[in-house]
Amino acid sequence: MQKQRVADQVAERIERLIVDGVLKVGQALPSERRLVAKLGCSRSALREGLRALRGRGIIDTEHGRGSFVADLDRNADVSPLMHLFGSQPRTLYDLLEVRALLEGEAARLAALRGTEADFVLLARRYEEMLASHEETQPIDPREHARRDHAFHRAISEASHNPVLVHTLQSLNELLLSTVFASVNNLYHRPPQKRQIDRQHARLYAALRERQPDQAQRAAREHIHSIRDNLREIEQEEQRLVRATLRLNGWG
């Protein structure tokens, strides 16, 4: 009975590490010896706890390789609903609305709660994003979008709200598509590119200076301006189509 209670505690502590983002999807768990030392339990209790986590689908174990944090959202991006969201162009603007709401709050919380370690990681992601702009050879838009998205994800992780982090993670591929739309349609236009760079710098400065209201405002204004710029491009293309039809005698 006592062993079972210890095993439950072991499972709960590992679950907490996953929820808090200390152990990430795909990351290998420490060796059995290290886990026993860190958790202060017996090998038998540890094995019982890991067995319980496997049964819940929280970890995967591969023979000869050990245990890994399972992808808890592994089916989210291929569900019929996610497919429909991803296939409809109008959804882009809905996703940008969601980003403004969730990432604005994430930025506010990050400015309030972020630790020194969070800000070290945030600085690294920001510098990697800036480095994309300085590459001598043109960088693939998908890689540029990945670095941009990684900066925004680092902000959400610094919020220390596991539900918010995992909500954003569950929408990862859809949210990444909005970043790609921004990179692909706006980054080759100098005025819009300069605007985005200024907005990222303002957001990063507000976070670094721990100004929650300014960080929230900067995050929301950044995403709203992307929405407005993409809509303007869409309307510009529609005007061009109408003008071409009139020129050719169709209107």
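**Exercise 1. Determine how many cavities of 30 Å³ or more a search of the whole structure finds, and which residues line the largest cavity.**

Solution. The search returns 2 cavities of 30 Å³ or more, where a cavity is a set of points on a 1 Å grid over the protein atoms alone at which a 1.4 Å probe fits but cannot get out. The model is predicted, with local features needing pLDDT of at least 70 and side-chain atom pairs pLDDT 80 or more, while totals for chains, interfaces and linings use all residues. Residues are numbered from 1 along each chain as its sequence is written, and side-chain values use heavy atoms, leaving out hydrogens and water.

The largest cavity has a volume of about 40 Å³, and its lining (residues with an atom within 4 Å of a point) consists of E103, A106, H152, I155, S156, L203 and A219. Two or more of these residues come from each of α5 (91-113) and α7, with α7 giving the most, 3 residues.

**Exercise 2. Identify which residues line the second largest cavity.**

Solution. This cavity, of about 40 Å³, is lined by R99, D148, H152, V179, S182, Y187, I196, H200, H222 and I226. Two or more lining residues come from each of α7, α9 (172-186), α10 (190-208) and α11 (212-247).

**Exercise 3. Decide whether S159 is buried or exposed, and list what S159 touches.**

Solution. S159 lies in the loop between α7 (141-157) and α8 (162-170). Its relative accessible area is 0%, so S159 counts as buried (under 20%, with a 1.4 Å probe and protein chains only). Leaving aside residues up to four places away in sequence, S159 touches A106, L109, A110, R113, L164 and V165, a contact being heavy atoms within 4.5 Å.

Notes:
Helices (H or I, at least four residues) and strands (E, at least two) are DSSP runs, numbered from the N terminus. Buried means under 20% relative accessible area, exposed over 50%, partly exposed in between (1.4 Å probe, protein chains only). On a 1 Å grid over the protein atoms alone, a cavity is a set of points where a 1.4 Å probe fits but cannot get out, and a pocket is an open set with protein on both sides within 12 Å along at least five of seven lines; lining residues have an atom within 4 Å of a point. Grid points are joined across faces, edges and corners, and a volume is the space filled by probe spheres set on the points.
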